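Visitor: I'd enjoy a close look at one part of this model, with the pairings spelled out residue by residue. Please walk me through it slowly.

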Amino acid sequence: MKRVGWLGWRADTTPMPSVPLQAFRAGLADLGWKEGDNLVLEVRIGEREQAPALAAELLRAGVDVIAAQGAMVFASRGHTGTTPLLFMINGDPVEAGLVASLARPGGLATGVTGLGVELSGKRLEIIKSAKPSMKRVALLANGRHAGVTTELAASRAVASALGLELDYFPVANPGELDTAFAAISAYRPDAVVAFPDTLINQLAKRIAEFNTRLRLPSISGFSEFALAGNLMSYGPNLAEFYRQLARYADKLLRGAKPAELPVEQPTRLALTLNMNAASAIGLKLPPSLMLRADEVIRS
């Protein structure tokens, strides 16, 4: 019987939709790990500040591996003893100090990263193709998100080439979102680009309501952002991300060392368009963009 700990992040008053945990659980089952048979999955979900205490609970439960969702990995570092720590973050784990390099992590942590830097500029190109006349873009991001500095730099480089003006509006928790909205309103942008991470995903519905009210096109990284009522998303599939993480948990349970497991990146990217959102903000999407879409939401 093996034990895997799940350290989930609840950044708002209600839990994030359970896509990550469901996908992780399904991925383990596909690899032959059956709960109640040869596996116990210890689930702990809480705020970022609770991560050290929750990690201690998992260690007392005797887990063999801990999988940390989003920002929980940073708060739990140094509190997992010698237990391997798996992460799924959209930022740069090297910049964040989680690993020595993507190819050779070199410690107890490894996992999956979402090409945040590489895709930040691409999302600017896509949102501009939806509304070629745009000149000013608001960047909304979790200010504590790993890799936010390099994502900002990459975005600014692409924005310069596209003739776009950018301003950055960070939030660290749900309570700061209304303040960011007020600042964005005063900035009067033509679009909103949200750097994808767990916090932004959890706030996606509130962001969609704001964008609809101001008639702003918007883009982020996971399809859940578009499903929540925003215009579009471009990036990896969230469920597949956590299935990848399950494959790494499987390797660790079978004796692999985290220091020797390279950090993985997504192999498939998808563009999702929400036609209801387009209609709500009065935007007619060009046929060329429609043809590129992997998923079109119409209801």
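Guide: Let's start at a pair of facing residues: Gly235 stands opposite Ala270 in strand E11. The model is a predicted one, where local features need pLDDT of at least 70 and side-chain atom pairs count only at pLDDT 80 or more, while totals for chains, interfaces and linings use all residues. Residues are numbered from 1 along each chain as its sequence is written, and side-chain values use heavy atoms, leaving out hydrogens and water.

E11 spans residues 270-274 (strands are DSSP runs of at least two residues and helices, H or I, of at least four, numbered from the N terminus). On one hand, E11 pairs with E10, residues 232-235, in the antiparallel sense through four bridges (pairing takes at least two DSSP bridges). On the other, E11 runs parallel to E12, residues 295-297, and three bridges join these two strands. E11 is mostly covered, as four of its five residues are buried (buried is under 20% relative accessible area, exposed over 50%, partly exposed in between, with a 1.4 Å probe and protein chains only).

For another strand residue, turn to Thr113, which belongs to E5, residues 109-113. Thr113 counts as buried because its relative accessibility is 4%. Beyond its neighbours within four places in sequence, Thr113 is in contact (heavy atoms within 4.5 Å) with Ile89, Asn90, Gly91, Asp92 and Pro93, and also with Phe241, Val263, Glu264, Gln265 and Pro266.
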